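This report describes selected features of a protein model. Please consult the sequence and the structure shown below while reading.

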Amino acid sequence: MAGEIQASEDKDNRPFAGIMFLLLGTTLFPLQDVIIKGLSGHFAVHEIVFLRGLFALPVVLLIVHLDGGFKSLKIGSFGLQLTRALMGFTSYTVYYMALAVMGLAETAAITFSTPLFVIIFATFFLGEKVGLFRWGAVIVGLIGVLIIVKPGSGVFEPAALLAVAAAATYASSIVCTRKLGRRTTGASMTLFTLIVFIISGGVLGLIFSGQDSSSVHPSLEFLYRAWVMPSQEDWMLLMALGLISGVGFFALTQAYRLADTSVVSPFEYSYMPWSVLWGFVFFGMLPGYNTWIGLALIVGAGLFVIYREAVKDGRVFKRRGFGLNSPR
């Protein structure tokens with residue numbers, strides 16, 4: 001029996017597919033950051049989350065259709081699904097609140113503490129075994145993040161604590177994703193999460209919308225602001241957010257469903273180059289030399305992880321397919 005369980009787990013574990021899905025997500029979401037930072041000056045964070053969810057719904061429903069239709073949807077564990085969705089909602093909301101105040105690269109750099117939280121949570125709650133080489137790669141990557149952030153500089157303002165909270169809650173959602181992976185599908189998790197995002201955004205709006213924000217930190221002002229009617233240009237941007245988030249959420253869900261968290265999580269670091277690029281293109285923020293040194297360490301750590309997986313019995317490239325449907 002133990003051998004059969006192990007065989008089933010090996011079949012579900014597709015590291016290369018998981019890495020590719022993660023890279024798709026980390027390519028899309030920095031564009032979302034640009035749009036949200038642009039909208040943060042006159043929209044409330046819960047209004048953005050709510051409307052983005054509504055526009056993402058048709059995209060996710062299409063993904064559900066392509067992934068086998070509604071008959072293929074599997075909840076797995078309602079408690080885990082709800083925990084995962086609420087952790088994800090919390091993570092993205094506080095991340096956007098930090099993003100409204102800080103630069104794209106600085107916010108992303110702080111949230112790259114996520115792999116450290118992931119490995120700790122996965123070790124205790126999933127029983128994953130993480131070797132010294134992976135620990136070493138993650139540590140090197142985090143050193144790169146520290147070089148970019150420059151401890152003691154202005155990046156450590158109150159909003160930075162929101163970015164740390166985003167990393168911890170995102171790591172919790174990742175662990176739930178991996179635990180659900182063999183009992184549900186990527187489309188099921190994406191649809192469930194999106195519904196929770198829409199409901200939670202509306203509830204948050206009822207609680208915080210229109211509160212006095214004259215004497216609060218700018219990140220809290222983003223939370224307390226009243227809802228407003230979007231302009232025609234804003235509607236287009238919100239529709240783009242829906243498209244990006246629908247595809248991006250599915251990609252990230254698939255990544256952590258198909259591969260061990262300790263394998264794919266270091267590739268979250270690929271988020272940084274895009275954040276640096278778009279921060280310069282749209283906001284005129286060009287990082288200094290310390291950022292490039294840090295990026296070299298981060299990318300090197302990620303490449304080392306995939307190299308270790310490739311030489312470990314050829315596991316990364318042995319599995320075929322990208323897991324668009326649940327494993328058979």
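## Salt bridge

This predicted model holds one salt bridge. The partners are R225 and E221, whose closest N and O atoms are 3.8 Å apart. A salt bridge requires such a nitrogen and a carboxyl oxygen to lie within 4 Å, and the distance of 3.8 Å between R225 and E221 is the value to set against that limit.

The two residues can also be described by their accessibility. R225 has a relative accessible area of 17% and is buried. E221, at 30% relative accessibility, counts as partly exposed. The cut-off applied here is that buried means under 20% relative accessible area.

## Aromatic pairs

A search of the whole structure finds 16 aromatic pairs. One of them joins F50 and W227, with 5.3 Å from centre to centre and 45° between the planes, an arrangement classed as tilted. This pair links distant parts of the chain: F50 belongs to helix α3, whereas W227 lies in the loop between α10 (218–224) and α11 (232–258), 177 residues apart. W227 is partly exposed, its relative accessible area being 34%.

A further pair is formed by F197 and F249. The ring centres are 5.3 Å apart and the planes stand at 70°, so this pair is edge-to-face. Because F197 lies in helix α9 (residues 186–208) and F249 in helix α11, the pair ties together parts that are 52 residues apart in sequence. F197 is buried, at 2% relative accessible area, and F249 is also buried, at 8%. Both residues belong to one aromatic cluster, which is formed by F29, F89, Y92, Y95, Y96, Y170, F197 and F249.

## Helix α3

Just after the helix, G68 takes a positive phi of about 115°.

The 13 residues of α13 should span 18 Å at 1.5 Å a residue, and the end C-alpha atoms are 17 Å apart, which agrees. The buried residues of α13 are Y271, M272, S275, V276, W278 and G279. After α13 comes G284, whose phi is positive, near 65°.

Which residues make the nonpolar surface patch? The patch, of about 1100 Å², is made by W274, L277, F280, V281, F282, F283, M285, L286, Y289, W292 and I293. The elements that give two or more residues to this patch are α13 (271–283) and α14 (289–311). Helix α13 provides the largest share, six residues. F280, one of the patch residues, is found in α13. With a relative accessibility of 43%, F280 counts as partly exposed. Patch residues must have over 30% relative accessible area, and the 43% of F280 is the value to set against that cut-off.

Key. Residues numbered from 1 in each chain as written. Predicted model: local features only at pLDDT ≥ 70, side-chain atom pairs only at ≥ 80, totals over all residues. Heavy atoms only, no water. Helix = DSSP H or I, 4+ residues; strand = E, 2+ residues; numbered from the N terminus. Patch = residues over 30% accessible without salt bridge, like charges linked within 9 Å, V, L, I, M, F, W, Y side chains within 5 Å. Areas by Shrake-Rupley, 256 points an atom, 1.4 Å probe, with all protein chains shown as cover. Salt bridge = Lys/Arg side-chain N within 4 Å of Asp/Glu carboxyl O. Buried < 20%, exposed > 50% of the residue type's maximum accessible area, 1.4 Å probe, protein only. Phe/Tyr/Trp six-rings, centres within 6.5 Å; stacked < 30°, edge-to-face > 60°. Expected span 1.5 Å × (residues − 1).
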